[in-house]
Each structure stands twice: as structure tokens, then as C-alpha cells.
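Hi,

Here is the structure I promised to pass on. Have a look at it first, and then read on for what turned up.

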Amino acid sequence: MKPLLELRGVSKAFGGIEVFNDVSLTLEPGARLGILGPNGAGKSTMFNLISGLHRPTGGEMLYEGHNLGQMKPWNACRRGIGRTFQIPQPFGDMTVAENVIVGCTSGAGLSLHEARDRAHDILEMTGLGDHRDKLAKSLALLDLKRLELAKAAAMKPKLLLLDEIAGGLTEAECDTLLDILQKVVRRDTAVIWIEHVVHALTRFVDEVAVLADKQIVVRGQIDEVLENAEVRRLYFGAEAEV
Amino acid sequence: MTGDIMTSGSQKLPLAVLGLSVAVMVPLPFFVDNGTMRYLTDLFIIMSVAQLWNLLAGFGGVVSIGQHAFVGAGGYAFFGLTTHLGLNPFLSMALTLPFGALLSLPVFAILSRMRVAYFAIGSWVLAEVFMLVAGKLPGFGGGSGISLRPQIVKAFGASTSSRVENIYWLSFAILVLVIFLIILVMHSRRGYSLRAMRDNETAAMALGVNPNAVKAMLFVVSGAFLSLLGAVNTLQKLRVNPSGSFSLTDWTVFIIFMVVIGGMGRIIGPIIGAVLFVLLRENLSGYGPIYMIILGAAAIGMMLFEPGGIAVLVQRWKLKKAKTQELEEA
Ligand SMILES: Nc1ncnc2c1ncn2[C@@H]1O[C@H](COP(=O)(O)OP(=O)(O)OP(=O)(O)O)[C@@H](O)[C@H]1O
Ligand SMILES: [Mg+2]
């Protein structure tokens with residue numbers, strides 16, 4: 001199968017500070033990949049590159065054969081790349097439903113009428129139905145995270161980028177989140193999920209990769225990767241939540 | 001009760017006010033004298049200009065201090081189309097709309113390459129350039145300007161009083177159209193993109209919003225209507241001249257005052273602001289420069305004290321009243 005996403009030797013530096021210098025990654029359509037890695041490894045930065053918000057310093061990024069390195073964020077989105085932000089970025093003075101409608105109209109190109117319907121469905125699925133007419137800025141953190149997911153999922157992306165949506169959740173909340181994910185993420189949507197909460201990841205992704213030392217150090221089945229001595233040294237020395 | 005001041009509140013109120021004011025304003029010429037009508041015409045024109053500035057800055061976050069360029073250019077275009085090309089005066093006036101729209105495209109292309117502060121300063125510099133060019137154009141009377149030919153003016157009414165009436169209705173119709181259009185834009189798909197962009201530009205971009213396209217649309221709409229208003233203003237003043245037609249003070253400085261005082265990002269803001277402005281002008285203009293200082297101080301005070309302007313102060317006061325009522329009932 002032709003890969004949906006392909007990163008080849010991608011590097012990124014801010015000013016003189018290099019975040020990573022050799023990230024290579026391929027993702028098939030519908031594949032589900034978890035990303036692990038220590039704080040500051042550049043995981044969120046990788047999402048910023050893929051979603052077009054930042055430009056890579058070097059290397060090649062292809063999405064459905066298009067050069068992603070030059071693509072504007074709104075075009076990346078319209079071509080089917082949806083994302084959440086690690087720190088929720090709501091449209092504070094718009095209602096929860098309106099937040100989702102933006103993604104449906106601008107991102108997925110739906111009419112306002114269709115967008116309202118889809119927003120309604122997604123909000124029900126994500127458990128935000130009761131909050132639909134509240135201003136987004138009035139939501140609590142947990143609901144803000146759900147709104148991030150709702151906004152990105154509503155545009156029916158081909159590639160969904162999830163950035164630490166399970167961070168800080170209790171066990172029960174985590175279960176709910178996984179239920180929600182199963183509902184809103186269609187089977188043919190490819191997903192990359194950055195997450196420190198490994199037990200949540202294991203229940204959703206097919207594979208994991210570890211971003212550390214400025215590159216992807218290992219990728220494979222989750223148990224294999226967790227057994228990897230290098231990974232244990234790099235990552236779980238610090239903060240295991242297995 | 002949600003989306004209050006920003007959304008639902010600002011659509012229900014203006015629609016009701018719009019209907020009521022149409023019922024009052026349209027038959028008014030049958031009851032008042034020419035002086036009052038001229039005064040109101042003036043109010044409608046500046047109120048429309050204020051609405052358009054608010055559309056850009058208040059709704060879109062695009063702060064231009066050079067919108068007087070379009071008012072002036074529209075006035076000159078109207079003069080040129082009627083006097084030099086000999087076109088029908090009504091057609092000429094209508095043509096100032098597409099003229100303003102077309103003119104705003106290259107202007108936006110230049111300005112959109114600049115960041116916020118530079119955008120504002122760049123827009124002002126461009127407006128100055130427009131004014132200088134207008135003063136050099138052959139056939140437009142140079143620096144001192146030139147009067148419209150009587151037969152062009154007479155096309156809008158044979159007698160002075162019928163003309164005053166017609167221009168009154170015209171400027172009121174434009175005001176209603178502008179407000180209606182803004183409401184329409186805000187409730188279109190583009191309106192959602194616009195509000196998202198204003199709240200959080202990065203997140204909006206990641207959800208498919210192209211901020212430049214949204215801003216360009218606002219700029220074109222506002223450029224088109226400012227140009228039309230410039231034509232109406234020319235008809236009202238009976239002449240074009242660089243310093244008057246392109247007046248920074250009249251079409252930008254005072255306008256910003258009105259929007260800031262009345263309330264940015266709300267339809268009702270520029271309406272409150274413009275009314276307050278003409279009332280202040282009437283009562284304070286005898287004091288000369290002090291009048292400008294008072295206006296400036298009021299605007300700065302408002303920005304510090306309540307950036308939402310009078311519109312928000314009133315909203316707050318109403319909420320408080322409703323709460324005390326609830327408490328009393330309980
Ligand atoms: N816009 C920016 N400008 C400058 N430096 C940045 C920027 N964004 C990220 N960085 C830096 O890049 C490095 C990687 O940050 P990033 O947020 O990608 O890490 P992360 O792997 O997502 O970490 P975490 O697990 O804490 O979320 C950090 O050192 C950070 O300070
Ligand atoms: Mg991160």
C-alpha cells in the first residue's frame with residue numbers, strides 16, 4: 001500500500017537550538033501509531049511540522065505524495081490532517097457547538113446546515129452534548145480536551161494527530177476517553193497519538209515509536225518496544241506510568 | 001443565555017432596532033426641515049463608515065488607520081466617472097462599489113505582507129500617498145479641489161429640498177444595507193471562520209481557516225462600501241478636494257473614537273458611538289482643540305476602563321439589574 005504519510009530525515013531547529021535532526025517515519029492509511037518520548041524530545045514539534053504550523057529545517061515530508069514541508073496549515077487540514085493541541089486551544093468566545101462547526105465548514109467544506117448536524121452528533125459522542133451552548137472558555141480542562149478531540153474528529157480526517165489527550169485523567173476517565181475514541185475515530189482514519197499514559201495507548205494503537213535523542217530510536221509492537229533496553233534507559237528511567 | 005454579547009445578543013437587538021429605525025427614519029423627511037435632514041445624513045454616513053471600520057478591526061482584528069483612502073478614492077472616482085467620462089450619475093455612483101472593491105485588492109496584497117503594527121502604519125502611509133496622487137491628478141482641481149457640475153448634482157433632485165431628501169434616503173439605505181450585510185457575513189460560514197480566527201488564529205489555521213482569505217474578504221467589502229460612501233459624501237459636499245475627501249481626522253480618527261467608545265466587535269457599538277460623537281461635537285466644538293483632547297481622553301479612558309465600550313457597560317448594568325431583581329423575588 002502507498003503510505004499516507006512519509007517523513008524522511010526531517011530536522012527542526014529553533015534559532016540555533018536543534019530539536020531533532022533525523023526523524024523518519026512512514027504511516028499507512030488507517031494505521032494507528034503511538035509516540036512515546038521524554039519531555040522536550042520534540043513530539044509536539046513533530047505535530048506542528050506535519051500540520052503545517054512550523055516549517056522543517058531539513059528533510060522531506062510527504063502526505064499522499066504532496067510536499068507537506070511547503071503546505072499551509074489550512075491546506076493540510078483541508079486535505080485531511082486533523083490535530084488536537086496538547087494545551088487546549090478553544091475558540092473561547094464561541095459556543096462549544098460553534099467550535100466544532102468551524103472544523104466542519106472550513107476544514108471539511110460542509111455547508112452550515114450539514115456542519116450543525118455533524119457537530120451535534122460529535123458532541124453527543126464525546127459527551128459534550130449538555131455543554132453545546134456554553135462558551136468554550138467556560139469549560140473545565142477535561143471538557144476542553146474533549147472539545148479538542150471533537151473539533152479534530154468532526155472534520156473526518158484521514159490522519160488524526162492526538163497530543164496527550166489522556167494526560168492527567170483518572171483510570172475511569174481514561175476508560176471513557178477510549179470509548180469515545182472508538183466511537184469518533186473511523187476505522188479508516190490513520191492516527192498518531194502522543195501519550196505518556198502507556199496503558200491508554202496500548203488499548204488503542206497497533207504500534208509505538210519512541211522519539212528520543214533527536215530521532216525515532218525504535219518502532220514496533222508495544223511490548224517489544226517496552227522491553228527494549230535502550231528505551232528503558234532513555235525513557236522509563238524518568239517517568240514510567242506503565 | 002449563551003454566546004451573549006458576541007453573537008445572539010448582537011443579532012436580535014440590531015434586527016429589532018433596524019426594523020424600528022426604518023419605520024421612523026424613512027418617513028422623517030415629511031416632518032423635519034432641511035437642516036435636520038442634512039445633519040442626519042451626515043450621521044448616517046459616519047455611522048456607516050464606523051460600522052465598516054468595526055467590521056475590520058472589531059470583528060476581524062484587522063487594524064487599519066488608512067480607511068480614509070477608500071472614502072477619498074470613491075469620491076474622486078465618482079467625480080471622474082460623471083465629469084470626465086460623462087457617465088450617468090446614478091450609474092457612476094453604483095460603479096464606485098466595484099471600484100472600491102478592486103482598489104482594495106492590491107492595497108490588501110501590499111498590507112497583508114506586514115505584521116500588525118506595520119499594517120496599521122502602512123495603511124496610513126498608503127492613504128497619504130492616495131491623497132497626494134489625488135492632488136496631482138489632472139482635471140480634479142489640484143490641491144484646492146473642484147466642484148461637481150450643477151447638472152450632475154441636479155440628477156439627484158431638481159430642487160435643493162428634494163435633493164436633500166433623496167440624499168438622506170440614499171445614505172440611510174446604505175447604512176441599513178451595511179448593517180444587514182455585516183449581520184449576514186457574521187452568520188455565514190465565513191463568519192464562523194472570522195470569529196474563530198479572532199479568538200485563536202493558530203487553532204483556526206489548524207482547522208482549515210485561511211486568515212488571509214478571511215481578512216481579504218473583509219477588506220474588499222469595507223473598501224467597496226467606503227468608496228460608495230465617499231461618492232455620497234461628495235454629493236453632500238458638492239465637491240472633491242484632497243484634504244477633505246481624504247480626511248484622516250473625519251474618516252479615520254473620529255471613526256476609531258466612535259467605535260472604541262461605543263464598543264468594538266458589536267453592531268450596536270458604532271451606532272452608540274456615532275450618536276454620542278455628533279452630540280459631543282455639537283456641544284464641544286466651540287472649545288477648539290480642547291474638544292479633540294476630550295475625545296482622545298475619553299477614548300483612552302474607555303480602552304483602559306472597559307475595552308468593550310458602552311455596549312458592554314450597558315450589558316453589565318442590565319445583568320446586574322436582572323440579578324438584583326432575581327434576588328428580590330427569591
Ligand atoms: N515555538 C518554539 N520556539 C522555540 N522553541 C520551541 C518551540 N516549540 C518547541 N520548542 C522547544 O523544542 C523542544 C521540544 O518541544 P516539544 O514541545 O516538541 O516537546 P515534547 O516532546 O512535546 O515535550 P512534552 O512531552 O513536554 O510535551 C523544547 O525544548 C521546546 O522548548
Ligand atoms: Mg508535547
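Let me start with helix α1 of chain A, where the buried residues are Lys43(A), Thr45(A), Met46(A), Phe47(A), Asn48(A), Leu49(A) and Ile50(A). Please keep in mind throughout that this is a predicted model. Seven of the eight residues of α1(A) are buried, so the helix is largely enclosed by the rest of the structure. Just after α1(A) comes Gly52(A), with a positive phi of about 85°.

Ser44(A) belongs to helix α1 (residues 43-50) of chain A, while Gln86(A) sits in the loop between β6 (81-83) and α3 of that chain, so the pair ties together parts that are 42 residues apart in sequence. Ser44(A) is partly exposed, at a relative accessible area of 22%. Since the cut-off for buried is under 20%, Ser44(A) with its 22% does not count as buried. Gln86(A) is partly exposed as well, with a value of 34%.

**Where chains A and B meet**

The size of an interface is often given as the accessible area lost when the parts come together. Here chain A and chain B bury about 2,200 Å² between them, and 64% of that is on carbon and sulfur atoms. The contact draws 32 residues from chain A and 23 residues from chain B.

As for polar interactions, there are 10 residue pairs in polar contact between chain A and chain B, counting pairs with both residues at pLDDT 80 or more. On the chain A side, α2 (73-78), α3 (96-107) and α4 (112-125) each supply at least two of the residues that touch chain B. The largest share comes from α3(A), with eight residues. By type, the chain A residues that touch chain B divide into 14 nonpolar, 10 polar and eight charged.

How many salt bridges cross the interface of chain A and chain B? The rule finds one. In it, the side chains of Glu98(A) and Arg195(B) meet at 2.9 Å, N to O. Glu98(A) lies in helix α3 of chain A and Arg195(B) in helix α8 (residues 189-199) of chain B, so the pair joins two chains. Is Glu98(A) buried or exposed? Glu98(A) is buried, with a relative accessible area of 12%. Arg195(B) is also buried, and its relative accessible area is 5%.

Phe91(A) is found in the loop between β6 and α3 of chain A. Its relative accessible area is 0%, which puts Phe91(A) among the buried residues. Leaving aside residues up to four places away in sequence, Phe91(A) touches residues of chain A, including Asn99(A), Val102(A), Ala136(A) and Lys151(A). Phe91(A) also touches residues of chain B, among them Ala196(B), Asp199(B), Asn200(B) and Leu207(B). Along the chain, Phe91(A) and Arg79(A) are 12 residues apart, and their C-alpha atoms are separated by 22 Å.

**Other salt bridges**

Over all chains, a search of the whole structure finds 13 salt bridges. One of the residues touched by Phe91(A), Lys151(A), has a partner of its own: the side chains of Lys151(A) and Glu148(A) meet in a salt bridge at 3.8 Å, N to O. Both residues lie in helix α5 (residues 141-154) of chain A, three residues apart, about one turn of the helix. An α-helix has 3.6 residues a turn, so residues three or four places apart point the same way. Lys151(A) and Glu148(A) are both buried.

In chain B, Arg316(B) and Glu306(B) form a salt bridge through their side chains at 2.8 Å, N to O. Arg316(B) lies in helix α15 (residues 309-329) and Glu306(B) in the loop between α14 (289-305) and α15, so this pair ties together parts that are 10 residues apart in sequence. Arg316(B) is partly exposed, with a relative accessible area of 47%, whereas Glu306(B) is buried, at 9%.

Back in chain A, a network of salt bridges links Glu6(A), Arg8(A) and Glu60(A).

Best wishes

Methods:
Residues numbered from 1 in each chain as written. Chains lettered and ligands numbered in written order. Predicted model: local features only at pLDDT ≥ 70, side-chain atom pairs only at ≥ 80, totals over all residues. Heavy atoms only, no water. Contact = heavy atoms within 4.5 Å. Buried area = accessible area lost by both parts, 1.4 Å probe. Salt bridge = Lys/Arg side-chain N within 4 Å of Asp/Glu carboxyl O. Polar contact = N/O pair within 3.5 Å; in protein donor to acceptor, adjacent residues only side chain to side chain. Helix = DSSP H or I, 4+ residues; strand = E, 2+ residues; numbered from the N terminus. Nonpolar A, V, L, I, M, F, W, Y, C, P; charged D, E, K, R; others polar. Buried < 20%, exposed > 50% of the residue type's maximum accessible area, 1.4 Å probe, protein only.
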